[in-house]
Amino acid sequence: QVQLVESGGGLVQPGGSLRLACVSSTRIFSMYDMAWYRQAPGKEREYLARISRSEDTEYADSGKGRFTISRDNAKNTAYLQMNNLQVADTGVYYCYTQPGGFWGRGTQVTVSS
């Protein structure tokens, strides 16, 4: 069982930035792929970005050019840097890891003026 804890969400104005963090409980964090998802109000959870064990990255179209996923294996932490946030980015952001398919509980991001 791997536990994931997200942090860094909050209220930000349109055009602003946030950096989300996801801390993993596993002792072999470097062996896990990490990903970020979000769920907007009334919508299904959607994939945003992924970083592999070898630090290859990929992004959904919704985040390309604005979001950057990274990881720090020494801190057992994955990050999602989000720039130029828009109202449509509002939602709960979840961390996900494989192998095992574990989810965090999410962190709320609200973009509003």
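Guide: Let us begin with strand pairing: two strands pair if DSSP finds at least two bridges between them. Keep in mind that this is a predicted model.

Visitor: How many bridges join β9 and strand β10?
Guide: Two bridges, and the pairing is antiparallel. The two strands form a hairpin with three residues between them. Look in the turn for glycine 100, which has a positive phi of about 110°.

Visitor: Which other strands pair with β9?
Guide: Strand β4 (residues 33–39) is joined to β9 by seven bridges, running antiparallel. Within that pairing, methionine 34 has threonine 97 as its bridge partner in β9. Strand β11 (residues 107–111) also pairs with β9 in the antiparallel sense, over three bridges.

Visitor: Why is strand β9 described as largely enclosed by the rest of the structure?
Guide: A residue counts as buried under 20% relative accessible area. Strand β9 (residues 91–98) has eight residues and six of them are buried, so the rest of the structure largely encloses it.

Visitor: Where should I look for side-chain rings?
Guide: Rings pair if their centres lie within 6.5 Å, and planes over 60 degrees apart count as edge-to-face. The whole structure holds five aromatic pairs. In one of them, tyrosine 37 and tyrosine 47 have ring centres 5.6 Å apart and planes at 70°, so this pair is edge-to-face. It links distant parts of the chain, with tyrosine 37 in strand β4 and tyrosine 47 in strand β5 (residues 45–51), ten residues apart.

Visitor: What angle do the planes of tyrosine 96 and tryptophan 103 make?
Guide: Their planes are at 45° and their ring centres 4.5 Å apart, so the pair is tilted. Tyrosine 96 counts as buried at 15% relative accessibility, whereas tryptophan 103 is partly exposed at 36%. Ring pairs link Tyr37, Tyr47, Tyr94, Tyr96 and Trp103 into a cluster.

Visitor: Is threonine 77 buried or exposed?
Guide: Buried, at 5% relative accessibility. Threonine 77 is in strand β8 (residues 77–82), and a polar atom of its side chain lies 2.7 Å from the backbone oxygen of lysine 75. Leaving aside neighbours within four places in sequence, its contacts include Phe29 and Arg71. Those two residues also meet each other: arginine 71 lies over the face of phenylalanine 29, at 4.6 Å from the ring centre.

Terms used:
Residues are numbered from 1 along each chain as its sequence is written. This is a predicted model: local features need pLDDT of at least 70, side-chain atom pairs count only at pLDDT 80 or more; totals for chains, interfaces and linings use all residues. Side-chain values use heavy atoms; hydrogens and water are left out. Helices (H or I, at least four residues) and strands (E, at least two) are DSSP runs, numbered from the N terminus. Buried means under 20% relative accessible area, exposed over 50%, partly exposed in between (1.4 Å probe, protein chains only). A polar contact is a pair of N or O atoms within 3.5 Å; within protein, one must be able to donate a hydrogen and the other to accept it, and residues adjacent in sequence count only if both atoms are side-chain atoms. Contact means heavy atoms within 4.5 Å. Rings of Phe, Tyr and Trp (its six-membered ring) pair if their centres lie within 6.5 Å; planes under 30 degrees apart count as stacked, over 60 as edge-to-face and the rest as tilted. A charge sits over a ring if NZ of Lys or CZ of Arg is within 6 Å of the ring centre and within 35 degrees of the ring normal.
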